[in-house]
Amino acid sequence: MAKNVMHAVQYDGYGGGPSGLKHVEISIPNPIKDEVLLKLEAASLNPFDWKVQKGMLWPLLPRRFPHIPGTDVAGEVVQVGPGVKKFKAGDKVVAMVNPLNGGGLAELAVTKESLTAARPPEVSAASAVGLPVAGLTAHQALIQSAGIKLDGSGEQANILITAASGGVGLYAVQLAKLGNTHVTATCGARNLELVKSLGADEVIDYKTPEGATLKSPSGRKYDAVIHCATGIPWSTFEPNLSANGKVIDITPGLSAVANFALGKLTFSKKQLVPLLLSPKAQNLDYLLKLVREGKLKTIIDSKYPLTKAEDAWAKSIDGHATGKIIVEP
């Protein structure tokens, strides 16, 4: 690799799926104020990445074309911009790239110091790199939206996690069980044992008639639903909720936002709450500590070299990955 060029994967316009991705050699980005430049060891894909390509976040994202997708990265600091205090060259870190700019599917990427966390030596790049989007989403849904205390204090809460074998779902099951919770989870038949092994108290196959109703096998009403699936109407959730039950929708569409507004207008105690991730480095530090202590595991679906990024992209679009899809430069 020439000193000032790197391999990256980008797309030039909306649509195109995996075949819309192009392998290019481009200039290495320079870290500006409060930014660090990382030599990447791993990146992780999220549904968000291909939704941006499909134009589902138009006109907000991407900010411009061509766009290098990918927000979850782990690697080594090679250069720091002015004003950076926490990191120096040689530090191993995990970070979230600014989603407005992208940049994760490349050999190097710049990240803001405020969204970068030190990676303990015991935690591999692949284990850490799933945490920024999926781990922080699960954490925010449980702590902030559902009010669960992860130290196990507080009254017992009944939690339902839909699509529990996906990236967010697998973290949500493990984090929820650190709190005083009874966890019911839905997933496909092939992942029932995995989800149970991570601590879920009850696991339902979503393709069965019972699974389709979301009813708890033990007859519990849910105080909170961490909703990681799509296409389930409010009418399916509503009869399964406790009096003040909440459905926390991690992929809110317009209908979720409309339902949320309607719930506020009608003073309904049961609510659909859209979740918009507000990433914070201290929460990333906390999740890395849990991984280091063996209390949280990243389940890796598959790994691809950067040269086969389009295969990873296709796997993510397919929607049946168990855990995280990792791309390694």
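On a 1 Å grid over the protein atoms alone, a cavity is a set of points where a 1.4 Å probe fits but cannot get out, whereas a pocket is an open set with protein on both sides within 12 Å along at least five of seven lines, and lining residues have an atom within 4 Å of a point. The model is predicted, and local features need pLDDT of at least 70, side-chain atom pairs count only at pLDDT 80 or more, and totals for chains, interfaces and linings use all residues. Residues are numbered from 1 along each chain as its sequence is written, and side-chain values use heavy atoms, with hydrogens and water left out.

**Cavities**

- The count comes to two cavities of 30 Å³ or more, where a volume is the space filled by probe spheres set on the grid points, which are joined across faces, edges and corners.
- The second largest cavity, with a volume of about 30 Å³, is lined by G166, G167, L170, Y171, K297, T298, I299, G323 and K324.
- Helix α4 supplies the largest share of that lining, three residues, with helices (H or I, at least four residues) and strands (E, at least two) taken as DSSP runs numbered from the N terminus.
- The lining of the second largest cavity draws at least three residues from each of domain 1 (5–119 + 299–327) and domain 2 (134–274), the domain bounds coming from an automatic or database domain assignment.
- By class, the lining of the second largest cavity has three nonpolar, four polar and two charged residues, where Ala, Val, Leu, Ile, Met, Phe, Trp, Tyr, Cys and Pro count as nonpolar, Asp, Glu, Lys and Arg as charged, and the others, Gly among them, as polar.
- The largest cavity holds about 50 Å³ of space, and its lining, which includes Y11, F48, D49 and H67, divides into six nonpolar, four polar and one charged.

**Second largest pocket**

- About 470 Å³ of space lies in the second largest pocket, and of the 22 residues that line this pocket, R64, N101, G102, G103 and V110 are the closest to its centre.
- Strands β2 (22–27) and β6 (108–112) are the elements that give two or more residues to this lining, and β6 provides the largest share, five residues.
- The lining of the second largest pocket comprises 11 nonpolar, seven polar and four charged residues.

**Cysteines**

- The structure holds zero disulfides, a disulfide being a pair of cysteine sulfur atoms within 2.5 Å.
- The sulfur of C187 has its closest cysteine sulfur, that of C228, 12 Å away, which is too far for a bond.
- C187 is buried at a relative accessible area of 1% and C228 is buried at 15%, where buried means under 20% relative accessible area, exposed over 50%, and partly exposed in between (1.4 Å probe, protein chains only).

**Backbone geometry**

- Most residues other than glycine have a negative phi, and most peptide bonds are trans.
- The peptide bond from F65 to P66 is cis, with omega near -5°, and P66 is found in the loop between α1 (47–54) and β4 (72–80).
- A163, in the loop between β8 (157–162) and α4 (167–176), has a positive phi of about 50° although it is not a glycine, and A163 is partly exposed at 26% relative accessibility.
- L214, in the loop between α6 (209–213) and β11 (222–227), has a positive phi near 65° and is buried, with a relative accessible area of 4%.

**A43 in strand β3**

- A43 is found in strand β3 (residues 35–45) and counts as buried at 4% relative accessibility.
- The C-alpha atoms of A43 and E328 are separated by 6.3 Å, although the two residues are 285 residues apart along the chain.
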